[in-house]
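Trainee: I would like to learn to read a structure feature by feature. Please take me through one.

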Amino acid sequence: MKTAIIDLAYLLSAVLFIFGLKRMQSPVTARTGNALASLGMLVAVVATLFLQEILSWPMILGGLALGGLIGVGLARTVEMTAMPELVAVFNGFGGLASALVSGAELSQYVGGDVYGFGIVTAVTIALSILIGTVTFSGSLVANGKLSGWITGTPISFPGLRVLTGLLLVGAGVAFGVMVAYAEAFPTLARPMILAALGLGAAALLLGVLLVIPIGGADMPVVVSLLNSYSGLAAAAAGFVLDNTALIVSGTLVGAAGMILTVLMCDAMNRSLANVMLGGFGGGDGATGDLDVPEGKTVNETSPQDTAILARYADKVVIAPGYGLAVAQAQHEVRELADRLEAQGIEVKYAIHPVAGRMPGHMNVLLAEADVSYEKLYELEDINPELSTTDLAIVVGANDVVNPAAREDEGSPIYGMPILNVDAADSVVMIKRSLSPGYSGVPNELFYANNTKMLFSDAKEAVGQIADAVKEMEEA
Amino acid sequence: MLNNLIIFVLAAFLGAEVLSKVPQTLHTPLMSGANAISGITIVGALVAAGMTTGPWSTWIGFAALVVATINVVGGFLVTDRMLKMFGQKTASSASAGAPPTNGTPE
């Protein structure tokens, strides 16, 4: 009876998760969707607390209070630009929790009053430890690369692949030992415990080694893949505990992460294997390179001239990129758009799927600055409109507007869908230098006849353009 | 075991069906929200921390409970913070293209 009630409560929470995710399909309903999902979590937690035979209440309440406080603190204080880093950290905690749950389950058997350990339990516990721990250490490295305490450039050293291979073999052996001693456990506990610890250690190192060779700008793909793993780790923990709620919700998360991963890879026209093998790109290209190649000319412009161009345009398209996030220029961009719109000029935003450091990163930043999501256009929707656009302003984006992706078959980014800003009558690129983008591919757009370069920090430049537009109104 | 496997496979199909329709605009909140849901391991952590069969299992369970709670509480709150910003836009654009207000709240 008791277990039936628990199971029904878990079913209810799984249903709430599904409804919650379903409501994520529109910005209008998304917030209530999130509330429904958190309600589902509350149902699951309360059911577990009240109906399981839980003995150590002080510990439970202490754990909930401590974790809750840390969670609230992190969620309240994070800057919207730092969202990818925070998601990476939470993701790592999710993986760690799954691994620890499996560890605790294992040590319960050592305690002696639980029986019925078998090969299936051993396999799921081992899987949960492996996936959970890789997710944990991988997410921490991803966080480091995103927030800068680990260099964004791919890190590699001789023997990296060999070492990774050896660790994989080691993890495989530990996994095998756990399964082999499953029947003898817990009477013969030592080999199982040692193998589980060994597996955890190997997985910890594996997570690090798998992520460090991947460049900073590929971190969105990594974070979303690891997100998928943390879901799978939860599902594995569900198999361990024979718990339907865990299996359903873990699997939903796994699917979400996988879908986003595939979408991003498609948006870059690269395979997942190509991203994960790493070594792509040379960091953020912050070399401050201003050398113009021979035979090319750069048309430089000023904020004032850009303001004039914008003021006499009928239609302006703004293409933001990671530079906007770094400079935190979203509020200035909105101010500029507001001033232009007040003059009857149509302003639209062109959002490339991999602009920023996380899928949908630009959307969140612009939403923070109160830009209506109805003005944000996806790649397929804005490209046909660019040929009738008078002015395209590129704010801190580079590879996602590089025509080489369309024209140069030899280019590493060839075939990647791009925003065709070069189809607009004029293009103003706000950028600090002529350095190539993350991919390291030179951008011909810098030297095109209809392109003007505005060398400046994005926040400063856009603010000055907005001020210049304002002065023209007043004059 | 077989039942669990069936549930797993069906949930995977359901997830793919529901989630592939989420627009690009909401991908960041989707990711952080989904991640908060993966904190459902909190249920396992509660069970593990609530048992007193051995000091090891209790303390490992406690650690699991703390990190899972951080994930759940932080994840849902930060997702709500993001979605609230999207929501404001609905309210203002619903008022029929009223001129955008100057100055940002918050």
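Mentor: Start with a pair of strands. This is a predicted model. In chain A, strand β4 (residues 391–395) and strand β5 (residues 426–431) run parallel, joined by five bridges.

Trainee: Which residue in β5(A) does A392(A) stand opposite?

Mentor: A392(A) faces V427(A) there. The general idea: strands of a sheet pair through backbone hydrogen bonds, either parallel or antiparallel.

Trainee: What is the strand order in the sheet of chain A?

Mentor: The order is β3-β2-β1-β4-β5-β6 in chain A. These six strands form an open sheet with parallel pairing. Its edge strands are β3 (376–378) and β6 (451–455) of chain A, each of which pairs on one side only. From one strand to the next, the twist averages 25°.

Trainee: Which strands does helix α17 of chain A touch?

Mentor: Helix α17 (residues 458–474) of chain A packs on the sheet and touches β4, β5 and β6 of chain A. The direction of α17 makes about 135° with that of β5(A).

Trainee: Now charges. How many salt bridges are there over all chains?

Mentor: Side chains of opposite charge can pair when their charged atoms come close. A search of the whole structure gives 12 salt bridges over all chains. One of them links E385(A) to K315(A), with the closest N and O atoms 2.8 Å apart. E385(A) sits in the loop between α15 (379–382) and β4 of chain A, and K315(A) in strand β1 (residues 315–320) of chain A, so this pair ties together parts that are 70 residues apart in sequence.

Trainee: What is the count of salt bridges between chain B and chain A?

Mentor: The count there is one. R31(A) forms a salt bridge with D80(B), and their closest N and O atoms are 2.9 Å apart.

Methods: Residues numbered from 1 in each chain as written. Chains lettered and ligands numbered in written order. Predicted model: local features only at pLDDT ≥ 70, side-chain atom pairs only at ≥ 80, totals over all residues. Heavy atoms only, no water. Pairing = 2+ DSSP bridges. Helix = DSSP H or I, 4+ residues; strand = E, 2+ residues; numbered from the N terminus. Axes fitted to C-alpha atoms, helices over the stretch in contact; angles between N-to-C directions. Contact = heavy atoms within 4.5 Å. Salt bridge = Lys/Arg side-chain N within 4 Å of Asp/Glu carboxyl O.
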